[in-house]
Amino acid sequence: MFNASHYLGHMSFLRLILSYTVGLTERCVKQLKGTLFALAGGFFLTFQSVANATISDQIGTWQAAAMTQLTGFVLAIIIVLTLRDRSYKDLGQVPKLYASGGALAAIVLFSNITAVHLMGVTLTIGIFLIAQLVAAIIIDKFGWFDMIKKNISRTQIIGVCLMILGVIVLKI
Amino acid sequence: MVIGILLALLGGTLVCLQNTFNANVKKQVSVWSTTMLVLALGFLASFAAGLAFEGTALFSFDADLWFWFSGVVGVGVVACVTQGVQSLGPSRAISLVMVSQIFFGLVWDSLGWFGLEQVPFTFQSFLGVLLISGGVLLFQLGPAIEEKARGQKQRTAARRTVKVNG
């Protein structure tokens, strides 16, 4: 009954299961890692809003906006130098309009800081997210700014409605 | 209140515009070079606006030591979001980032950390945040699910045709 070839077949079957399990675990770890990073990213974004609002309380809104970005810029330079990242040399090829997007941050930070002062972090983030997603579907719908044209889907409209409902519930 | 809402709508729209522009920058250079450029221009624009609105009063401020490290947070955002997108893909990662953002907002408002005015936690505010999160997830993951459902329907339709022919 138990001849050699049978036994060998059994072994390769085991090996198959083993490699499948390892692959599955690797994928699980990757997903877990990605999830943790994404959650941390959200935490940092909220932390940033709060920190900017707190700093602006003491030294003023424009001072706070300029300071966080200057120190962030210095750190970004250090990272680029450490990684020996030379891709900045190609910045000249980027269309001027797209390259100047960073300047919008002045208005973004001003509105964020003022809105947090006026209505708290939760409501500010809720409305920021709604505006962000609505703007995204409009840009995608018309394919503006070299984005791939995408139709607005029904679930996206329901999603935005749900968010607006959430903001209303939050406020009343 | 109305001013706050209008400013948040303006800010959110500009965040989207900036993300779109940055996506185009990233087609040519790395994430960190993009971040470096974006922060440099953000600083220059804020500096110019401060000078325009406040003149030399812009320079008279008394900063705590930790203020000078606040930029680290922005760099942390870029690092975490980039890693998340690489492991999970854009729609799943961004939806998680947004849900995490709004939940931490609620935690922060409720605890009143960092000299922020405390907003008492209520069941209603929790429900509001839950609805917003549901909306974000539906928005980001809905299209893919719709597509899949459509594909399945097409496949069943095809199978049906085969059966009829058979």
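Predicted model: local features only at pLDDT ≥ 70, side-chain atom pairs only at ≥ 80, totals over all residues.
Helices are taken here as DSSP runs of H or I with at least four residues, numbered from the N terminus.

View 1. From the N terminus on, the elements of chain A follow the order α-α-α-α-α-α.

**View 2. Overall dimensions of chain A, shown by its C-alpha trace.** The trace extends over about 85 × 50 × 35 Å along its principal axes. The radius of gyration of chain A is 25 Å, whereas a compact globule of 172 residues would have a value near 16 Å.

**View 3. Burial and contacts within chain A.** Buried residues make up 44% of the 172 residues of chain A. Among the contacts between residues at least 6 apart in sequence, 66% connect residues at least 24 apart.

**View 4. The interface of chain A with chain B.** Here 101 residues of chain A are in contact with 95 residues of chain B. On the side of chain B that touches chain A, two or more residues come from each of α1 (2–26), α2 (31–54), α3 (71–88), α4 (90–111) and α5 (123–165) of chain B.

**View 5. Helix α1(B) and the composition of the side of chain B that touches chain A.** With 20 residues, α1(B) gives the most to this side of chain B. By class, the side of chain B that touches chain A comprises 59 nonpolar, 32 polar and four charged residues.

How values were computed:
Residues numbered from 1 in each chain as written. Chains lettered and ligands numbered in written order. Rg over C-alpha atoms; globule rule 2.2 N^0.38 Å. Buried ≥ 20, exposed ≤ 12 C-beta atoms within 10 Å, placed from the backbone. Contact = placed C-beta atoms within 7 Å. Nonpolar A, V, L, I, M, F, W, Y, C, P; charged D, E, K, R; others polar.
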